[in-house]
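My entries follow in the order in which I made them.

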Amino acid sequence: MRQPDARGTAPLLRPPRLVPGARVAVVAPSGPIREERLAAGLDLLRAWELEPVVAPHVLDRHPGFPYFAGTDADRAADFQAAWCDPRVSAVLCARGGYGAQRMVDLLDWDALRAAGPKVLVGYSDITALHEAFAARLGLVTLHGPMVSALDFLKNPRAQQHLRATLFDPESVRTIASGGTALVPGRAAGVTLGGCLSLLATELGTPGARSGARGGLLMIEDIGEEAYRIDRMLTQLLRSGWLDGVAGIALGSWKECGPYDLLRAVLSDRLGPLGVPVVEEFGFGHGDGALTVPFGVGAELDADTGTLTLDAPALA
């Protein structure tokens, strides 16, 4: 079994799990939110015996750029206030879209660190926050369904896996995806990743991760044609960011064109790395997305399509 490089990624600090009655803040770091979906998501959280509180600017619209949920300053202020509220146990993102990169450097990272470890949940554009929390706070985060997303609202598998991860993380120590090996084998390392396009655009930014050495990289994307995915992977390869990666899990590639062509690109770009690669792992933008923790030591078995965590995602 491939072992992580001695200089590689180390396991991060695990936040406490949630308990019934926990207060959770809902924020919108990126794109605009549909009010009716937000209401449905809040009802589901209440059914889980959580107490959701909505940040002040969640339903805002940016006055000049309709693809943002409010201004950069307001989105950052909402996020910071939610995280620094001692009554809040988790910060749940309402949706992705675009915008997290524009507000991440407006956050007071010293204040976030002083507030202590909490649960952060999101995916897609929230990849920028996953990376920032790993690099700046050394904190485990959850790549999982978001409060106003249809998968969270409608899909039982997505709901159940997130709920189990939040409340009973021992029950999901082994994540069985049903995926198959693109490159067979097993690998050990620390989980990281997210949306491929966000990881590529993070290169060279302040506080960005220097590379995936020693890690189990989990990537997915939406709405990207095969040539663009080829370009992003090539950028990561040419920059050396993928040097020493221990293993790779590929999630959903919704609206990314014919899968046969995409699969050929993934095999061509990732196969020569000589590490286990599993495809169709079931996280990301696809239906019934699994919740995957980032920053946890784990073993990836490409042949069985499983990820076994060394410890529960939350303490």
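**Aromatic pairs.** I counted eleven aromatic pairs in this predicted model. The rule I used is that rings of Phe, Tyr and Trp (its six-membered ring) pair if their centres lie within 6.5 Å; planes under 30 degrees apart are stacked, over 60 edge-to-face, and the rest tilted. I looked up Phe79 and Trp83: the centres are 6.3 Å apart and the planes stand at 5°, so this pair is stacked.

I then checked where these two residues sit. Phe79 and Trp83 are both in helix 2 (residues 72-84), four residues apart, which is about one turn of the helix. Helices here are DSSP runs of H or I with at least four residues, strands are runs of E with at least two, and both are numbered from the N terminus.

Are Phe79 and Trp83 buried or exposed? I noted 0% relative accessibility for Phe79, so Phe79 counts as buried. Trp83 is buried as well, with a relative accessible area of 0%. Buried means under 20% relative accessible area, exposed over 50%, and partly exposed in between (1.4 Å probe, protein chains only).

Next I looked at Trp109 and Phe133, which form an edge-to-face pair at 5.3 Å centre to centre, with 75° between the planes. Trp109 lies in helix 4 (residues 109-114) and Phe133 in helix 5 (residues 127-137), so the pair ties together parts 24 residues apart in sequence. I found both Trp109 and Phe133 buried.

**A cluster and a charge.** I recorded one aromatic cluster made of Phe65, Tyr67, Phe68 and Tyr98. Arg75 lies over the face of Phe68, 4.7 Å from the ring centre. For this, NZ of Lys or CZ of Arg must be within 6 Å of the ring centre and within 35 degrees of the ring normal.

I read the order of an open, mixed sheet of eight strands as 6-14-13-8-9-10-11-7. Its edge strands, each pairing on one side only, are strand 6 (174-176) and strand 7 (180-183). Pairing requires at least two DSSP bridges between two strands.

Strand 10 (residues 247-254) and strand 11 (residues 277-279) pair in the parallel sense over two bridges. I found Ile248 opposite Val277 of strand 11.

**Notes on method.** I numbered residues from 1 along each chain as its sequence is written, and side-chain values use heavy atoms, without hydrogens and water. As the model is predicted, local features need pLDDT of at least 70 and side-chain atom pairs count only at pLDDT 80 or more, while totals for chains, interfaces and linings use all residues.
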